[in-house]
Amino acid sequence: MATTDGAGTTRGAATRARILAATAGLLSAGAAGGAGGASTARHAVTVSEIARAAGVYPNQITHHYGSKDRLVLDAAFALFLRDTTRLQVAGRRAGSADAFRQVLARTALAMPSTLLVVRALAAAGDDDAQRERVRLLLAVLFRQSERYLERVVAEHGWTSPSGVGRDARTFWSAVFGATLLADAGVTGGPSDLDLAGTVSIR
């Protein structure tokens, strides 16, 4: 039989998961609205909106996540990591290394969650705790991407002259940079072919 502390821990984990899922849902809905040209992608979700969507009190959000920025960062990355699994599926269908690189670039730029992550990263500012969280989440992304590239290279008999670790970091850094420029309204930014060139797999 579970102790009171155990039950409280279970409830706390369930509440955290509900808050994270509600935030991800709001961010996803905003990104979908923005894809059609609506301003909802620029609408910053509020603590009140998240609390209503999750069925919790606003102070429970700060209790479990410390700040809205931390919550939004975690939710954006949850959506992003989910989308990268779809990117991996698309990439594994490519018949050549060149097609593989181009599929990765096009798909990464087209994912609505890429913009959400870029904006969440930009909001980290000078907050040391937030920056540390960013480092941790990026480390997860880079490691998962590196393992994926290792599998693909091995399966197809391809090579990675720069190394899959460097390929993963360079690729995502370029994707985030291109997305940031596009979000800022800069024209003539990197094309998907340029981004494909950041991956050395042959």
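If you read along the sequence, the chain goes α-α-α-α-α-α-α-α-α. In other words, the secondary structure comes to 9 helices and 0 strands; those are DSSP runs, H or I over at least four residues for helices and E over at least two for strands, numbered from the N terminus.

Some ground rules. This is a predicted model, where local features need pLDDT of at least 70 and side-chain atom pairs count only at pLDDT 80 or more, while totals for chains, interfaces and linings use all residues. Residues are numbered from 1 along each chain as its sequence is written, and side-chain values use heavy atoms, with hydrogens and water left out.

So what is the mean pLDDT of the chain? It's 87, and 87% of the residues reach 70 or more; pLDDT is the predictor's confidence in each residue, from 0 to 100. Over residues 35–41, though, the pLDDT is below 50, and that stretch has 8 contacts in the model beyond near neighbours in sequence. Where pLDDT is low, the predicted coordinates should not be read in detail.

A contact, by the way, means heavy atoms within 4.5 Å. Taking the contacts in the chain with a separation of 6 or more, 75% are between residues 24 or more positions apart. And of the 202 residues, 39% count as buried, meaning under 20% relative accessible area, with exposed being over 50% and partly exposed in between, using a 1.4 Å probe and protein chains only.

Now for some helix pairs. Helix 4 (residues 68–92) and helix 7 have axes that come within 11 Å and cross at roughly 5°. Axes here are lines fitted to C-alpha atoms, for helices over the stretch in contact, with angles from 0 to 180 degrees between N-to-C directions. That makes helix 4 roughly parallel to helix 7: under 35 degrees is roughly parallel, over 145 roughly antiparallel, 65 to 115 roughly perpendicular, and the rest oblique. The residues in this contact divide into 12 nonpolar, 6 polar and 7 charged. For those classes, Ala, Val, Leu, Ile, Met, Phe, Trp, Tyr, Cys and Pro are nonpolar, Asp, Glu, Lys and Arg are charged, and the others, Gly among them, are polar.

Let's zoom in on Leu-137, which sits in helix 7 (residues 128–156). Leu-137 is buried, at 11% relative accessible area. Leaving out residues up to four places away in sequence, Leu-137 touches Leu-73, Asp-74 and Phe-77.

Next pair: the axes of helix 5 (residues 97–110) and helix 8 (residues 164–183) come within 10 Å and cross at roughly 45°. Helix 5 and helix 8 are therefore oblique to each other. On the helix 5 side we have Leu-104, Ala-105, Ala-108 and Leu-109, meeting Phe-171, Trp-172, Val-175, Ala-178 and Thr-179 in helix 8. By class, that's 8 nonpolar, 1 polar and no charged residues.

Is Thr-179 buried or exposed? Buried, with a relative accessible area of 10%. Not counting residues up to four places away in sequence, Thr-179 touches Leu-109, Thr-114, Leu-115 and Val-118.

Last stop: Ile-201, in the segment after helix 9 (192–196). Ile-201 counts as buried, at 0% relative accessibility. Beyond residues up to four places away in sequence, its contacts include Phe-100, Leu-149 and Trp-158. Ile-201 and Gly-163 are 38 residues apart in sequence and 8.4 Å apart in space, C-alpha to C-alpha. That's me done, thanks!
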